[in-house]
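Please consult the sequence and structure while reading.

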Amino acid sequence: MTAPAPPLDEIVFARPDITQWWMDGEGGLMPGPHTWMEERLIHRYFTESPFFDPTTKNGTLWGQVEKSVDLYRLYHDRAALEAALARSKGPEYVIAYGPQAVTDKGVPPGQKSNIWVLRRQERLEAKDKSLSSTELRGTYYIVNESIYQAPSVADVVGNRMLSAIMSLEKMWEKAATLPTFSPTTGHTYLPVTSNKGTASTAASRAGSPNRSRSASLAPGPMDMQSLRSGSVPADGSQIGGSNTSDDVLATRLLVDSLRQTATYGDEFMDENPLLGEPGNFKFTASTAAIKKRRADDEATERKAQEMKEAKEKAIASRAGSTSPKPAATVKAPTPPPVFTEARATAKMDKDKKEERKRRRKSKHGGTATSPATPRSATSAMPSSVG
C-alpha cells in the first residue's frame, strides 16, 4: 500500500531542465533573446508542476498547443493568453504580480526580485453579461525556479491554534507538579533546594580527621556503643543537624512575618471581604464604612466597660453598709530606750553604791529608805512604837 501524497501546500516543485531548454532556444518557435525565468516562460513553466489543474481553461488551451503553432505562440505570450482567458467564464490561472525592485541596502540599483505571484480564480458572469467579476481560489509563488502553494487562512489559523494548545498542554503537565504546601511556607510553586547545605555538610565531613580508609566516618567509642544499642544507623548517618538553607529560610520567614505585621497589623482578612470573580474583584464596604464600624465597636466596648465598673461599685457600696465596723487598732508598745555600754556600766555602779548605803543603815536600825528602795517595801514595814 502506497503512502498518501503530502498536501500541496507542503511540497516544493522545481524543473531546472525546462529553464535550460528555454534558454537554449526552445526549438526556435519564439523569437529571441531568451532570458532566465522571463514573463513568456511563467505560464509554460507552471503547467509542469503538480499544482496545475488540466481541467481549467489554461489546461484546455495547453492540450491544443501541440496541434497549432499559433496556440503555442499564444501560450507563451502573457498578455494575449490572459486576454483570451478573460473572454469565457470558468477557472483560470493568471499572473498577479511580477518581480519588484529591491530597495535593500547593499543591493545595486535597478535589481529586481525573482518572485512571481500566480492566482487561480473563478471567472463569473455578471448580470450585465460581462465577465469582469472573479473569485479567488488559490495563490502560488515562483521564487527563482521553485514553486510554492500559499496555505489557506484556515490552515494558518488551525496550525497556530494547534501550536498554542500543545504548548498549553505542556505547561499544564509541568505546572501540575509544582504546587506544594507546608505549614511553614504555605503554598509554594518552586521547591526549596538544599544543595548548599548538602555541599557544606559534605565538605565538613571531608575535612574531618576521624575517617576510615573507605572514606566513611570512623566510629568512636560512643558511636560503637550507639551502634550496638541500635540508636544510630549502621551506615554512619546522623539524625538532625543544622542546615544552612533551613536557617536562611527561617530568617526570611521571620523578616517577612515582621514586615507583614508592621504593615497589616491592624487589618483583618474578613473585615472587608471581596466580591466578584478573578479580574473583577470589588470590596464589600468602603474605607469610611470600615472606620465607622470600628468606631461603633469601640464605643460599644467602652459603654460595656463603664456599665461593668458601675455595677461593681454599687455592689461594693452595699457590702460596706451592712458589714460591721472594724475594731480599733491597738498601738504597739513603744520599745525601751537603747542604752549604750558606758551608760549601762555607770548605772550598775550607782546601784551598787545605793545598795551598800542601804545595808549600812539597816545595821544601825534606821528606817530611812534609799532612793533604790521600792515604795511598796517601806509601806509594808510595821510602824515603830514610841
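The questions below concern confidence, helix packing, salt bridges and backbone geometry in this predicted model.

Q: What pLDDT does the protein chain average?
A: The model is predicted, and each residue carries a confidence value. Of the residues, 72% score at least 70.

Q: How many contacts beyond near neighbours in sequence does the stretch of residues 376-386 have in the model?
A: Where pLDDT is low, the predicted coordinates should not be read in detail. Residues 207-219 have a pLDDT below 50, with 13 contacts beyond near neighbours in sequence. Residues 376-386 also have a pLDDT below 50. For this stretch, 376-386, the number of such contacts is two.

Q: Which word describes how α1 and α2 lie to each other, oblique or parallel?
A: Two packed helices are described by the angle between their axes and the distance between the axes. Helix α1 spans residues 16-23 and helix α2 residues 39-46; their axes come within 11 Å and cross at roughly 140°. The crossing is right-handed. An angle over 145 degrees would count as roughly antiparallel, and the helices α1 and α2 are therefore oblique.

Q: How many residues of the contact of α1 with α2 are nonpolar?
A: From α1, the residues Pro16, Ile18, Thr19, Trp21 and Trp22 take part, and they meet Arg40, Leu41, Arg44 and Tyr45 of α2. By class, one residue of this contact is polar and two are charged. The number of nonpolar residues is six.

Q: Which residue forms a salt bridge with Arg120?
A: Side chains of opposite charge can pair when their charged atoms come close. The count for the model comes to 14 salt bridges. In the one formed by Arg120, the closest N and O atoms are 3.1 Å apart. Arg120 belongs to strand β3 (residues 115-124), and its partner, 67 residues apart in the loop between α2 and α3, is Asp53.

Q: In which strand is the salt-bridge partner of Arg123?
A: Arg123 pairs with Glu92, the closest N and O atoms being 2.8 Å apart. The two residues are 31 residues apart, and Arg123 is in strand β3. Glu92 is in strand β2.

Q: Where is Met37, whose phi is positive?
A: Phi of Met37 is near 50°, a positive value in a residue other than glycine. Pro33, joined to Gly32 by a cis peptide bond with omega about 0°, lies in the loop between α1 and α2. Met37 is found in the loop between α1 and α2.

Key
Residues are numbered from 1 along each chain as its sequence is written. This is a predicted model: local features need pLDDT of at least 70, side-chain atom pairs count only at pLDDT 80 or more; totals for chains, interfaces and linings use all residues. Side-chain values use heavy atoms; hydrogens and water are left out. pLDDT is the predictor's confidence in each residue, from 0 to 100. Contact means heavy atoms within 4.5 Å. Axes are lines fitted to C-alpha atoms, for helices over the stretch in contact, and angles run from 0 to 180 degrees between N-to-C directions. Helices (H or I, at least four residues) and strands (E, at least two) are DSSP runs, numbered from the N terminus. Angles under 35 degrees count as roughly parallel, over 145 as roughly antiparallel, 65 to 115 as roughly perpendicular and the rest as oblique. A crossing is left-handed if the near helix is turned anticlockwise from the far one by less than a right angle, and right-handed if clockwise. Ala, Val, Leu, Ile, Met, Phe, Trp, Tyr, Cys and Pro count as nonpolar, Asp, Glu, Lys and Arg as charged, and the others, Gly among them, as polar. A salt bridge is a side-chain nitrogen of Lys or Arg within 4 Å of a carboxyl oxygen of Asp or Glu.
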